[in-house]
Amino acid sequence: MLSFEKLDRASPDLWPERLPGVAEFAASCKNPINNSPPKWMAELESEDIEMLKELGSLTTANLMEKVKGLQNLAYQLGLEESREMTRGKFLNILERPKK
C-alpha cells in the first residue's frame, strides 16, 4: 500500500503536544534577551527567592535531611492539632449553639 499524502506537522490535531505547556516554555527560552522574570517568579517575595537559592545550593543528602525535618515538623503539628481538638471537644467550645 502506498500513499502520497503529505502530513503537515503544524497541525495540532495530527501531532498533539506530548507535554502540555512545553511549546510555550521552549518559546520563552528561545529569547534570552528578555530581562523580565518568569510569570511564576513575579509573585515571589525576596524571602521566597532566598529560600529557593538556599534549597538549590543543598546537596542531595542535605536536601533529603531538610525534607525529613519538614515531614517531622508536619507530623508534630498534626499531633498538636489533634490534642487541641480533643481539648476543645472536652471543654465543649466546638459545640454549635442550640437554636
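Modeller: Helices (H or I, at least four residues) and strands (E, at least two) are DSSP runs, numbered from the N terminus. This is a predicted model, where local features need pLDDT of at least 70, side-chain atom pairs count only at pLDDT 80 or more, and totals for chains, interfaces and linings use all residues. Residues are numbered from 1 along each chain as its sequence is written, and side-chain values use heavy atoms, with hydrogens and water left out.

Biologist: OK, what pattern does the chain follow along the sequence?

Modeller: There are zero strands here, and the helices number four. Reading along the sequence therefore gives helix after helix by the DSSP runs, in the pattern α-α-α-α.

Biologist: What is the span of α4 from its first C-alpha to its last?

Modeller: Helix α4 has 31 residues. The expected span is 1.5 Å times one less than the number of residues, so we look for 45 Å. The model comes close to that, with a reach of 45 Å.

Biologist: How much of the chain is buried?

Modeller: Buried means under 20% relative accessible area, exposed over 50%, and partly exposed in between (1.4 Å probe, protein chains only). The accessible surface of the chain is about 10,200 Å², and carbon and sulfur atoms hold 58% of that. Out of 99 residues, the buried share is 2%.

Biologist: Which residue does E54 meet in a salt bridge?

Modeller: A salt bridge here is a side-chain nitrogen of Lys or Arg within 4 Å of a carboxyl oxygen of Asp or Glu, and the whole structure has two. This one links distant parts of the chain, with E54 in helix α3 (residues 46-57) and its partner in helix α4, twelve residues apart. E54 counts as partly exposed because its relative accessibility is 37%. At 4.0 Å, N to O, the partner is K66.

Biologist: And which residue does R87 pair with?

Modeller: The closest N and O atoms of this salt bridge are 3.5 Å apart. Both residues are in helix α4, three residues apart, so about one helical turn separates them. The partner is partly exposed, at 44% relative accessible area, and is E84.

Biologist: Is I93 buried or exposed?

Modeller: I93 also lies in the segment after α4 (60-90). With M85, L91 and L94, I93 makes a nonpolar surface patch of about 420 Å². Its relative accessible area is 60%, so I93 is exposed.

Methods: Patches are made of residues with over 30% relative accessible area and no salt bridge: like charges are joined within 9 Å, nonpolar side chains (Val, Leu, Ile, Met, Phe, Trp, Tyr) within 5 Å. Accessible areas come from the Shrake-Rupley method with a 1.4 Å probe; for residues, only the protein chains shown count as cover.
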